[in-house]
Amino acid sequence: MPTPSPFNGQKPRILSLQSELIRAEFCSHGARLLALYLLNPDGSETNIALGFPQLEDYPALDSYVGAICGRYANRIAQSRFELDGQEIRVSANEGANHLHGGTEGFDRRLWDVVELGSRSITFALTSPDGDQGYPGTLNTQVTYAILDEDRLQCRITATCDRPTVVNLTNHAYWNLSGDFSRSAADHLLQIDADAYLPVDEQLIPLPGYRPVEGTAFDFRVENSIGERLAESGGYDHNFCLDGERGELRPVARLTDPESGRSLRLSTTEAGLQFYLARHFSPALSSRDGKPLHPAAGIALEPQTYPDSPNRPDFPSARLSPGEVYEHLIEWRFSPGPG
Ligand code: BGC
């Protein structure tokens, strides 16, 4: 008997974009980045974005690998919040809390491909009123575009027909060595953030902000991730980015010291969730068939702060009819010294 399709009988589309330096593959399931090949100085190429061998693996594995997370990326405490005096309950998929859009988040949807150019792809998704508990219909578009030979942009927009909340990001995991059987903890990281959000044991932000000064969260100057990993208790935290929300600005840089490959991340958002994976099972393999290291990749997810709908002191995630939510993410890749 054939195994039932995890895509409800539909076929996800795979599409790619290419420049002289990069070749990116995308999938309509989750509007996902499947792979990012970077040209090496010797003419070979290396995939630096974590992916699984088969498309069918993605729905079961649930790590949001390369996908667009929404309607609300990150956590909403107790899966509830108030909007205009009304209590809204959203789907709980991490204990009592809501993570990355709930049980059927945007990472699990088949998006439409609405535009396909030589240098850009646009995916679209309509999320109906009440989807995962959220009020209002949300129309979302995601455009991936190669802007320069070394620069990939992800532009996420959304509109609604009733007041709602929205927080959308891309959830790629990077390992710039290209070897996902190797820990990414040896990477060097720099983040433009003077403060981060301490969290409780369920990774819900505690009251207040904490200066990074003198802590394992100080990445204002480039530092090896592994060096203070034990002291940090594991990196899965929101960094409060310097600069103005709404302005596209470089906020982080990741480097593999061995190959010299690096990526620079820019965003228009206020926060950056930095997550050094620690959950991948070696029973899983990467695209090239090698067993995954538990810390196979680093997710750098620009977004508004976690649990904002319950935190009036955080940047607002509210979207009203007539407004356009827009989030720009850019990755600039460097192949390192030749
Ligand atoms: C979260 C992690 C979670 C991971 C799932 C990250 O954005 O912060 O806590 O385990 O996504 O892949």
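This is a predicted model: local features need pLDDT of at least 70, side-chain atom pairs count only at pLDDT 80 or more; totals for chains, interfaces and linings use all residues.

Visitor: Which residues are around the ligand?

Guide: Among them are Ser-63, Tyr-64, Arg-75, His-100, His-171 and Tyr-173.

Visitor: How many of the shell residues are nonpolar, polar or charged?

Guide: The shell around the ligand has four nonpolar residues, four polar ones and three charged ones.

Visitor: And what lies 2.8 Å from an oxygen atom of the ligand?

Guide: That's a polar side-chain atom of Glu-301. Asp-236 also has a side-chain N or O atom 2.4 Å from a ligand oxygen. With Ser-63 the backbone is involved: a polar backbone atom there is 3.1 Å from an oxygen atom of the ligand.

Visitor: How much of the ligand does the protein bury?

Guide: The protein buries 90% of the 310 Å² that the ligand exposes when taken alone.

Visitor: Let's switch to the strands. In what order do the nine strands of the open sheet come?

Guide: The order is S10-S11-S12-S13-S27-S23-S22-S17-S20, with antiparallel pairing.

Visitor: Which ones are the edge strands?

Guide: Those are S10 (112-116) and S20 (223-224), each of which pairs on one side only.

Visitor: How many bridges join S12 to S13?

Guide: Ten bridges link S12, residues 138-148, with S13, residues 151-160, and the two run antiparallel.

Visitor: What stands opposite Gln-141?

Guide: Thr-157 in S13 does.

Technical notes
Residues are numbered from 1 along each chain as its sequence is written. Side-chain values use heavy atoms; hydrogens and water are left out. A residue is near a molecule or strand if one of its heavy atoms lies within 4 Å of it. A polar contact is a pair of N or O atoms within 3.5 Å; within protein, one must be able to donate a hydrogen and the other to accept it, and residues adjacent in sequence count only if both atoms are side-chain atoms. Accessible areas come from the Shrake-Rupley method with a 1.4 Å probe; for residues, only the protein chains shown count as cover. Ala, Val, Leu, Ile, Met, Phe, Trp, Tyr, Cys and Pro count as nonpolar, Asp, Glu, Lys and Arg as charged, and the others, Gly among them, as polar. Two strands pair if DSSP finds at least two bridges between them. Helices (H or I, at least four residues) and strands (E, at least two) are DSSP runs, numbered from the N terminus.
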